[in-house]
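Subject: Structure handover

Hi,

Here is the structure for you to look over. My notes follow below it.

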Amino acid sequence: GWLPLTATHTLQLLPRLPLSNLFRMWAVAFEQTQARWLPDLVEVDSLPDFYDFLAARLAGGVLQRLRQGIARDYLPQRQTVRAIRGRFIPQPAAVDQSQPLCEFDEFTADIPHNQLLLHTLTVVLQNPLCQPATRRLLRRAQRTLRGMVSERPFSPRDFPTLTYTRLTAEYRPLHALCHFFLTHQGPGYEAGDHQTPAFLLHMPTLFEQFVAAWLTAHLPRPYRLVAQENVNVGNKGELRFAIDMVLYDGDGEVTAVLDTKYKQTHKPDNADVSQIVTYAKAKGCNRAVLVYPQKLERPFAVQLDDLTIEALPFSVSDDLDQAGKQLVD
């Protein structure tokens, strides 16, 4: 995290893993298989470098999209015009008739896919983490978009409402970047006298999303993974859980339940074990796996009746692909 305290003092929260791995985790968790536009994952030495690198990719991607032509669509309009256009709307005699009121469809670039890009550029420019060269790119992209697109606020909750067609499919990587920035942008600057938003990465959530995305992309057939599966427990479904990951075989039977724990520990604590046991019982399977971001001091496997409880690492400090393959094995 990067937290501005005063005009001259900043609190930085450093991750426990190499920043190059942090970037790769982000690329997998937010992009999954659509990271083709990032062919070279460069090394970064600090969290400001990480933020600046992603901001530069966003600005460069928007500028490339502008050069190739941004998406447009027909949107219904109802307004007064100089000449009749589309369907004329009669007005009461007392209303000024010098400019007729009409309804018509306008072919415009002012659509949510482009409005989201403009809003994210504006948000990123509020943060002084970006280097001067990156800020110039961001301002250039922002100025160009402002000539065609109106500004409106977006939040991470708005992303599920976006749909993609053949003409807008190439927006997905850019919108993934927008999602990242808007999700991790910290508190706003309405309170206090230092008008700079914070930037925070919630590592437990990022670790969970990364593990689920990596396994989804690399599991051998016929296995499949369902992330954040809801399950109700009790005669009337009084309790509801969201299981991090549920692994199914080719027949649709549950092979295992998995739960990620982003913490440094020598062995799983009782709370972790109790939680994963509840998930396994709720799904009726006989294997439960706790996934930690580093190797434990010694293997952990406990037998509870017909249920096997294991702790396995997905080491984020090592080569991520190799660590993922070891987990799959």
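**What was found**

At 6% relative accessibility, Cys130 counts as buried. Cys285, at 11%, is buried too. Buried means under 20% relative accessible area, exposed over 50%, and partly exposed in between (1.4 Å probe, protein chains only). A search of the whole structure finds zero disulfides, a disulfide being a pair of cysteine sulfur atoms within 2.5 Å.

Please note that this is a predicted model: local features need pLDDT of at least 70, side-chain atom pairs count only at pLDDT 80 or more, and totals for chains, interfaces and linings use all residues. Residues are numbered from 1 along each chain as its sequence is written, and side-chain values use heavy atoms, with hydrogens and water left out.

**Overall**

The chain has eight helices and eleven strands. These are DSSP runs numbered from the N terminus (helices H or I, at least four residues; strands E, at least two). Of the 329 residues, 43% are buried. Among contacts with a separation of 6 or more, 60% are between residues 24 or more positions apart; contact means heavy atoms within 4.5 Å.

**Strands**

S6 (residues 224-233) and S7 (residues 239-248) pair in the antiparallel sense over nine bridges. Two strands pair if DSSP finds at least two bridges between them. Arg224 has Tyr248 in S7 as its bridge partner. S7 also pairs with S8 (residues 254-260), again antiparallel, over four bridges.

**Salt bridges**

How many salt bridges does a search of the whole structure find? There are eight. The criterion is a side-chain nitrogen of Lys or Arg within 4 Å of a carboxyl oxygen of Asp or Glu.

- Arg146 and Glu151: closest N and O atoms 2.5 Å apart. Arg146 is partly exposed at 44% relative accessibility, and Glu151 is partly exposed at 42%.
- Asp259 and Lys261: closest N and O atoms 2.9 Å apart. Both residues are buried.
- Asp269 and Lys263: closest N and O atoms 3.4 Å apart. Asp269 is partly exposed at 34%, as is Lys263 at 26%. Salt bridges that share partners join Asp259, Lys261, Lys263, Asp269 and Asp272 into one network.

Best wishes
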